[in-house]
Amino acid sequence: MPRTHNGQVDWAAVRADFPLLLREVHGKPLVYFDNANTGQKPVSVIEAIDGFYRRQNANVSRAVHQLGTEATDAYEGTRRRLAAFVNVRPDELVLCSGTTFAINLVAYSWALPRLGPGDTILVSRMEHHANIVPWQLVAERSGAKIRVAEITPEGTLDLDALTRAMTPDVKLLALTHVSNVLGTVNPVRAVCREARRRGIVTVIDGSQALPHRKVDIAAIGCDFYAFTGHKMCGPTGTGALWARREHLQAMPPFLGGGEMIKEVSFDGTVFNDPPHRFEAGTPNIAGFVGLGAAVDYLDRLGMDHIEAREAELLAHLTEALTRIDGLRIFGTAPEKAAVVSFLVEGAHAHDLATLLDLEGVAIRSGQHCAHPLLQFYGVAATCRASPAFYNTHEEIDAFVAALRKVRKLLG
Ligand code: PLP
């Protein structure tokens, strides 16, 4: 089902690929603007999962029978497609449940055995808790310290401060590629270059980058890159960690069990080679089959088209919100993904989101798993509207009209 013709995308046809978007909520057409939280799934992903369970379901890497071979091929096929999608080698890609698992794997398997008192972990102010709390746990157990790389009021990284903070005691830098609250796209390539010159290992959280733009992990030059499948049209419980080969080879396993071994006896166990060494137990096979279909879908549509479409939607949304009196936007970086956090004077974020839900509009309100960032802005919560390429300009108008209406109700 080609959706592009002569370089033009038929966005109405693209939208029709996402059946959930047709439903109503509280008797109103759904406007789903919570894509930074999780994305919707195209029919091809839903059918891939359904087809796997109907025709191929078996465990991977264990059985020699036909179904086992097909299931293993499907699972490993996703690893290869995903690797090509982000320009890395398949054997450097650990498949896992998502970013949270991926970062914890780095924390426990790479950082904990290496860091100690006198070492510092540098973490940016705009991180999701998934890229803060694992480092706090490592710091607590190893004696290492956490240092915060601050941001500017516009929501960009303070690059001078960041470079100054890269002192010889810093062993690891944890940084998000795109902020889930501010939409800021960080200059990860330049930052990783600076870090590498100083021998600092970099962990990039790509959760909010892959859904929005073409990501070339090899070109970024980081040491670890973590991402999640459910924000990029794939199923929940899927994701991956890319790591430089030398790290994967030096890292002890994180979880022990089946699949991650070559040989087990009570005298000792020989572990499997990476990436299988880090994939103990039965994985979310059907989920990864779905993720493979998601990668194909995004590839066919073209990440450049997605980026351009979302830039248009973001410009429209930002312009419309700016015209609302008393509305404050958090995050005005020159390079932004389609994520807009805001507050309206005199209205609590949760009240706004609850009333908007009654109008059929789904946005997120709260702290977005980024307490330290909200502390920086001195606010307890924000609203966050995050459209995706399958949303429409009409939905932005409907959302803004609903926002004006519910704001009046709140006085
Ligand atoms: N990092 C960022 C920037 C996110 O937006 C999210 C999800 O909201 C995560 C990490 C955690 O991802 P997951 O819950 O899929 O592990």
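Leaving aside neighbours within four places in sequence, isoleucine 46 is in contact (heavy atoms within 4.5 Å) with Pro19 and Lys41. This is a predicted model, in which local features need pLDDT of at least 70 and side-chain atom pairs count only at pLDDT 80 or more, while totals for chains, interfaces and linings use all residues. Residues are numbered from 1 along each chain as its sequence is written, and side-chain values use heavy atoms, with hydrogens and water left out.

**Isoleucine 46**

- Isoleucine 46 belongs to helix H2, residues 43–56; helices (H or I, at least four residues) and strands (E, at least two) are DSSP runs, numbered from the N terminus.
- The relative accessible area of isoleucine 46 is 42%, so this residue is partly exposed; buried means under 20%, exposed over 50%, and partly exposed in between (1.4 Å probe, protein chains only).
- The C-alpha atom of isoleucine 46 is 8.8 Å from that of alanine 293, a residue 247 residues apart along the chain.

**Helix H12**

- In helix H12 (residues 349–358), the buried residues are Ala349, Leu352, Ala353 and Leu356.
- These buried residues line one face of H12, because they fall within an arc of 95° when seen down the axis; the arc is that of the directions from the helix axis to the C-beta atoms.
- The cover over the buried residues of H12 includes strands S16 (340–344), S17 (361–362), S18 (364–366) and S19 (382–385), together with helix H14 (393–409).
- Glycine 360 follows H12 and has a positive phi, near 90°.

**Aromatic rings**

- Rings of Phe, Tyr and Trp (its six-membered ring) pair if their centres lie within 6.5 Å; planes under 30 degrees apart count as stacked, over 60 as edge-to-face and the rest as tilted. By this rule there are 15 aromatic pairs.
- Phenylalanine 18 and phenylalanine 389 form an edge-to-face pair, because their ring centres are 5.9 Å apart and their planes stand at 75°.
- Phenylalanine 18 lies in the loop between helix H1 (11–16) and strand S3 (24–25), and phenylalanine 389 in the loop between S19 and H14, so the pair ties together parts that are 371 residues apart in sequence.
- Both phenylalanine 18 and phenylalanine 389 are buried.
- Tyrosine 108 and phenylalanine 254 make a stacked pair, with 5.6 Å centre to centre and 10° between the planes.
- Tyrosine 108 is partly exposed at a relative accessible area of 23%, and phenylalanine 254 is partly exposed at 28%.
- Ring pairs join Trp11, Phe18, Tyr297, Phe389 and Tyr390 into a cluster.
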